[in-house]
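Have the sequence to hand as you read.

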Amino acid sequence: MDISYPVTIAAARTWFKLGDIKINMTGAEHIPESGGALLAVNHLSFVDYVMAGFPGVERGRLTRFIAKKEVFDHPVGGPVMRSFHHIPIDRSYGAAGMKKAVEYLQNGEVVGIFPEATISRSFLIKDLKTGTVRIAADAGVPLIPVVLWGTQRIMTKGQKVDLSRHKTIGIEIGPPLPVTGEDPAAETAALKSQMEAMLDRLIKAHPAEEQPPGSWWLPKAYGGSAPTLEEAEAMYAEERRLRAQRKTAKRLANKKKA
């Protein structure tokens, strides 16, 4: 039973209206009105869950998102995520989360996944995890690419939150991609290629006044100053190093207490 999800949707619509946030969306018809479907979404910001759920809402569906387990462990965020019936997945052991996602899909749910597994610091499509196509193939459901643009201006890594008004968010939903799971690497490459083409269209169609040359939220290839894919990868590596360092320190601290 969903109680908090519809309330959050109503709040989001109010935010869009009061904040004069314009949603330019195409391809919503590709999301089925019934039955399971897996949405593969690019990841630009911390509000992508809201924006990526919007296409499903327009089709009368609620999207259950796969999210890292740490979010569910948070004393505030955890209960909220569980109330939405989202799906936790452990970074170090993802089999249980993937199995749960397959169950949701086979039960007729729309499930959203971020195949990049983290926010893209370059705002381009980074390498995708093969788990996305394997989940869709195991569940026997359509794999539907969804690409967002503009959400990074609101709340993303390394930048201040910007809730100022008059922003445009682009959303393109592509046609389902055929997946069998027989060659996950090749099917993942096809998914990435499709998402890259969709992102290119969204960036080029975005209002020019909202992305002037040199903008931090615009990739360098399009005249902005965001990190390149290579620069972003170095940032990810440092994040992983620091995360591992924190885990080691916590483990040692727990041993001392014991």
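## A buried loop residue, then the helices

Phe 123 is buried, its relative accessible area being 4%. This is a predicted model, and Phe 123 sits in the loop between β5 and α6. Its backbone deserves a look too: although Phe 123 is not a glycine, its phi is positive, about 70°.

His 166 lies in the loop between β6 and β7, and its phi is near 65°, a positive value in a residue other than glycine. With 47% relative accessibility, His 166 counts as partly exposed.

**Helix α1**

Which residues of α1 are buried? They are Tyr 5, Ile 9, Ala 12 and Phe 16. Viewed down the axis of α1, these buried residues fall within an arc of 60°, so they line one face of the helix.

Several elements cover the buried residues of α1, including β1 (21-26), α2 (48-58) and β3 (63-68). Just after the helix, Asp 20 takes a positive phi of about 50°.

**Two helix pairs**

Two packed helices are described by the angle between their axes and the distance between the axes. Here are those values for two pairs.

| Helix pair | Angle | Axis distance |
|---|---|---|
| α1 and α2 | about 105° | 11 Å |
| α6 and α7 | about 105° | 8 Å |

With an angle of about 105° between α1 and α2, α1 is roughly perpendicular to α2. From α1, the contact uses Ile 9, Ala 12, Arg 13, Trp 15 and Phe 16, while α2 brings Val 50, Met 51, Phe 54, Val 57 and Glu 58. By class, the contact of α1 with α2 has eight nonpolar, two charged and no polar residues.

For helix α6 (residues 131-139) and helix α7 (residues 184-205), the angle is again about 105°, which makes α6 roughly perpendicular to α7. Thr 132, Val 133 and Arg 134 in α6 meet Pro 184, Glu 187, Thr 188 and Leu 191 in α7. The contact of α6 with α7 divides into three nonpolar, two polar and two charged residues.

In α6, the buried residues are Gly 131, Thr 132, Val 133, Ile 135, Ala 136 and Ala 139. Their cover includes β2 (37-41), β3, α5 (95-106), β5 (110-113), β6 (143-149) and α7. Gly 140, with a positive phi near 70°, follows α6.

Helix α7 has 22 residues and reaches 31 Å from its first C-alpha to its last, close to the 32 Å expected at 1.5 Å a residue. Where do the buried residues of α7 lie around its axis? Glu 187, Thr 188, Leu 191, Lys 192, Met 195, Met 198, Leu 199, Leu 202 and Ile 203 are buried in α7. They cover an arc of only 140° around the axis, which puts them on the same side of α7. Among the elements covering the buried residues of α7 are β2, α6, β6 and β7 (167-173).

Notes:
Residues numbered from 1 in each chain as written. Predicted model: local features only at pLDDT ≥ 70, side-chain atom pairs only at ≥ 80, totals over all residues. Heavy atoms only, no water. Axes fitted to C-alpha atoms, helices over the stretch in contact; angles between N-to-C directions. Helix = DSSP H or I, 4+ residues; strand = E, 2+ residues; numbered from the N terminus. Parallel < 35°, antiparallel > 145°, perpendicular 65-115°, else oblique. Contact = heavy atoms within 4.5 Å. Nonpolar A, V, L, I, M, F, W, Y, C, P; charged D, E, K, R; others polar. Buried < 20%, exposed > 50% of the residue type's maximum accessible area, 1.4 Å probe, protein only. Arc of directions from axis to C-beta. Expected span 1.5 Å × (residues − 1).
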